[in-house]
Amino acid sequence: MAREINPKDTTRASAYELWMKAPNPMVTFFKTVDVTNLVKVSKKKGYKFNMLLDYCIGKAAVAVKEFYILPVGEKLIQYDSIAVNTIVKNRTGEVSSCDILFTEDLVKFNTDYLQYTRQVAETCYDHDLSENSMVIGTSAIVDTEIDGAVGMNSGIFNNPFMIWGRYRKRLFRYYLPISFQFHHTQMDGAHAGRFLENLQKEINRL
């Protein structure tokens, strides 16, 4: 469920005044994450690596209340749930968008991930949950290793967004550089930093 709220009634009131009409309100953080445990779980349990990372992103986000508020147009919208988006190569060789509603049940999240990504790949129609859930965008550039990426400021798509490439092996561990872009009205750097710390913790404890 999504509903419009008065910015003055939230902790983001000052940020709303400062950043809603800023020429570039988007901020991007870069961080290298240790994904050794994700690689191990993926190989041992047969789970897709990107599904596990999407799950950990959702798990890290639900612990930061700022993720439930998003500027949409000139409005501030409050959501009750969070979804994680993944980009899917469809049967035509192009890409489609697929939102997966986050649930703490990993088996259920994996089932939904496999079902909807397969459906999107076959039909070439996006699976969109943005009307009812705050969606975290992700894009995995699996063809190469990247050091980071800065997303565009469209003025329309204000959702937080994460980009990564292939993970890298150093000795016996695996590392993944990621970028995290967010709208400054939605959260401050401290909130984004807490989310990224949460992400590493969720990866380690999976």
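# Close-up views of a predicted model

View 1. Y55 is buried, with a relative accessible area of 5%; here buried means under 20% relative accessible area, exposed means over 50%, and partly exposed covers what lies in between, with a 1.4 Å probe and protein chains only. The model is predicted, and local features need pLDDT of at least 70, side-chain atom pairs count only at pLDDT 80 or more, and totals for chains, interfaces and linings use all residues. Residues are numbered from 1 along each chain as its sequence is written, and side-chain values use heavy atoms, with hydrogens and water left out. The structure holds 11 aromatic pairs, where rings of Phe, Tyr and Trp (its six-membered ring) pair if their centres lie within 6.5 Å, with planes under 30 degrees apart counted as stacked, over 60 as edge-to-face and the rest as tilted. In one of these pairs, the ring centres of Y55 and F102 are 5.5 Å apart and the planes stand at 40 degrees, so the pair is tilted. This pair links distant parts of the chain, 47 residues apart, with Y55 in helix 3 and F102 in the loop between strand 6 (95-101) and helix 4 (106-123); helices (H or I, at least four residues) and strands (E, at least two) are DSSP runs, numbered from the N terminus. Like Y55, F102 is buried. Y55 also forms an edge-to-face pair with F109, at 5.7 Å centre to centre and with 65 degrees between the planes. Because Y55 lies in helix 3 and F109 in helix 4, this pair ties together parts that are 54 residues apart in sequence. F109 counts as buried at 0% relative accessibility.

**View 2. Helix 4 and its buried side.** Helix 4 has 18 residues and reaches 25 Å from its first C-alpha to its last, which is close to the 26 Å expected at 1.5 Å a residue; the expected span is 1.5 Å times one less than the number of residues. Its buried residues are L106, F109, N110, D112, Y113, T117, V120 and A121. These residues cover an arc of only 165 degrees around the axis, which puts them on the same side of helix 4, the arc being that of the directions from the helix axis to the C-beta atoms. Among the elements that cover the buried residues of helix 4 are helix 3, strand 5 and strand 6, while the face turned away from the buried side carries the exposed residues V107 and E122.

**View 3. The two ends of helix 4.** At the start of helix 4, a side-chain oxygen of D105 reaches to within 3.1 Å of the backbone nitrogen of V107. Just after helix 4, C124 takes a positive phi of about 70 degrees, although C124 is not a glycine. C124 belongs to the loop between helix 4 and strand 7 (134-140) and, at 25% relative accessibility, counts as partly exposed.

**View 4. Helix 5 and what covers it.** The 17 residues of helix 5 (residues 189-205) should span 24 Å at 1.5 Å a residue, and the end C-alpha atoms are 24 Å apart, which agrees. The buried residues of helix 5 are H191, A192, F195, L196, N198, L199, Q200, E202 and I203. Their cover includes strand 2 (26-34), helix 2 (36-45), helix 3, strand 8 (161-164) and strand 10 (173-183). F195 also belongs to one aromatic cluster with F29, F67, F180 and F182.

**View 5. The surroundings of E66.** E66 is found in the loop between helix 3 (49-61) and strand 3 (69-72) and is buried, with a relative accessible area of 5%. Not counting residues up to four places away in sequence, E66 touches T11, R12, Q186, M187, H191 and R194, where contact means heavy atoms within 4.5 Å.

**View 6. S81 and its polar contact.** S81 sits in the loop between strand 4 (75-79) and strand 5 (82-89) and is partly exposed, with a relative accessible area of 21%. Leaving aside residues up to four places away in sequence, S81 touches Y68, L101, N132, S133 and M134. The side chain of S81 makes a polar contact with the side chain of S133 (2.7 Å); a polar contact is a pair of N or O atoms within 3.5 Å, of which, within protein, one must be able to donate a hydrogen and the other to accept it, and residues adjacent in sequence count only if both atoms are side-chain atoms.

**View 7. R170, L171 and Y175.** R170 lies over the face of Y175, at 4.9 Å from the ring centre; a charge sits over a ring if NZ of Lys or CZ of Arg is within 6 Å of the ring centre and within 35 degrees of the ring normal. L171 lies in the loop between strand 9 (168-170) and strand 10, and has a positive phi of about 55 degrees although it is not a glycine. At 76% relative accessibility, L171 counts as exposed.
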